[in-house]
Amino acid sequence: MVLVGQYDSPYVRRVAISLRVLGFEHEHDTRSVFADFDAMREVNPLGRIPALVLEGGEVLIDSAAILDWLDQTVGPEHALVPPAGAERWRALRRIALATGAIDKIGAAAYERLIRPSALRWPEWIERCRTQGMGAIAALAAEPWPSGGAMDQAQITTACMIRYVRMADPELLPPGRHPSLDALADRCEALAEFQATWPADYVVPRHP
Ligand SMILES: N[C@@H](CCC(=O)N[C@@H](CS)C(=O)NCC(=O)O)C(=O)O
């Protein structure tokens with residue numbers, strides 16, 4: 001199978017890490033949603049990443065759908081989201097907070113960095129950042145494990161932290177939320193995270 005998309009996307013990265021944690025052999029296609037837009041649309045008609053091309057040629061799109069396929073394929077004993085009950089709902093809440101923070105801080109980043117400055121809307125940027133920071137504060141108040149098996153709530157939250165620190169670093173400086181610093185440090189030390197480390201946030205920037 002082939003994972004399409006670059007690791008500076010936290011959605012691509014959470015899929016890449018999950019593939020590794022669950023032991024799926026795969027190749028990596030690093031085409032860019034911006035620089036290779038037409039080629040990207042040949043894989044995913046939405047022109048977005050991630051996409052996962054399966055052995056038979058079928059293409060899964062959207063990280064949540066891809067992660068659901070991975071969990072279904074390995075079965076409930078190995079799945080990264082608990083299969084039922086309170087543990088599942090708690091995990092889904094954390095994942096929703098982390099992906100919500102990515103969505104809102106990502107929307108603000110597109111507005112701040114990509115949109116030409118004359119067309120930017122400061123109030124909208126601040127609203128999105130406020131929403132993202134609310135989700136981050138809620139995640140910081142959650143009890144995180146200090147060891148043990150990796151799961152999707154930890155993977156997605158650690159990917160969110162790295163993304164925010166690249167795209168809008170002043171929102172999550174080290175020391176503001178020590179529980180999230182500890183989670184990020186523990187996750188990023190693992191081989192699956194190191195193999196997918198994004199050094200930079202690469203988007204077309206307008207002055
Ligand atoms: N809900 C989607 C979001 C994917 C997404 O926002 N991908 C971004 C990169 S982080 C993208 O493709 N952006 C380009 C665009 O939407 O034009 C998922 O979970 O896969």
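Which residue forms a salt bridge with Arg 129, the closest N and O atoms being 3.2 Å apart? In this predicted model, that residue is Glu 170.

Glu 170 counts as exposed because its relative accessibility is 55%, whereas Arg 129 counts as buried at 9%.

Arg 129 also meets the side chain of Glu 126 in a salt bridge, at 3.1 Å from N to O. These two residues are 3 residues apart in helix α5 (residues 122–140), so about one helical turn separates them. Glu 126 is partly exposed, with a relative accessibility of 39%. Arg 129, Glu 126 and Glu 170 belong to a network of salt bridges that also includes Arg 112 and Asp 168.

## A link between two helices

A search of the whole structure finds 11 salt bridges, and one of them joins the side chains of Arg 165 and Asp 181 at 2.6 Å from N to O. Because Arg 165 lies in helix α6 and Asp 181 in helix α7, this pair ties together parts that are 16 residues apart in sequence.

## The ligand

Among the residues around the ligand are Val 33, Arg 48, Ser 63 and Tyr 110. An oxygen atom of the ligand is 2.6 Å from an N or O atom in the side chain of Ser 63, and a nitrogen atom of the ligand is 3.0 Å from such an atom in the side chain of Tyr 110. The ligand taken alone exposes 510 Å², of which the protein buries 78%.

Key:
Residues are numbered from 1 along each chain as its sequence is written. This is a predicted model: local features need pLDDT of at least 70, side-chain atom pairs count only at pLDDT 80 or more; totals for chains, interfaces and linings use all residues. Side-chain values use heavy atoms; hydrogens and water are left out. A residue is near a molecule or strand if one of its heavy atoms lies within 4 Å of it. A polar contact is a pair of N or O atoms within 3.5 Å; within protein, one must be able to donate a hydrogen and the other to accept it, and residues adjacent in sequence count only if both atoms are side-chain atoms. Accessible areas come from the Shrake-Rupley method with a 1.4 Å probe; for residues, only the protein chains shown count as cover. A salt bridge is a side-chain nitrogen of Lys or Arg within 4 Å of a carboxyl oxygen of Asp or Glu. Helices (H or I, at least four residues) and strands (E, at least two) are DSSP runs, numbered from the N terminus. Buried means under 20% relative accessible area, exposed over 50%, partly exposed in between (1.4 Å probe, protein chains only).
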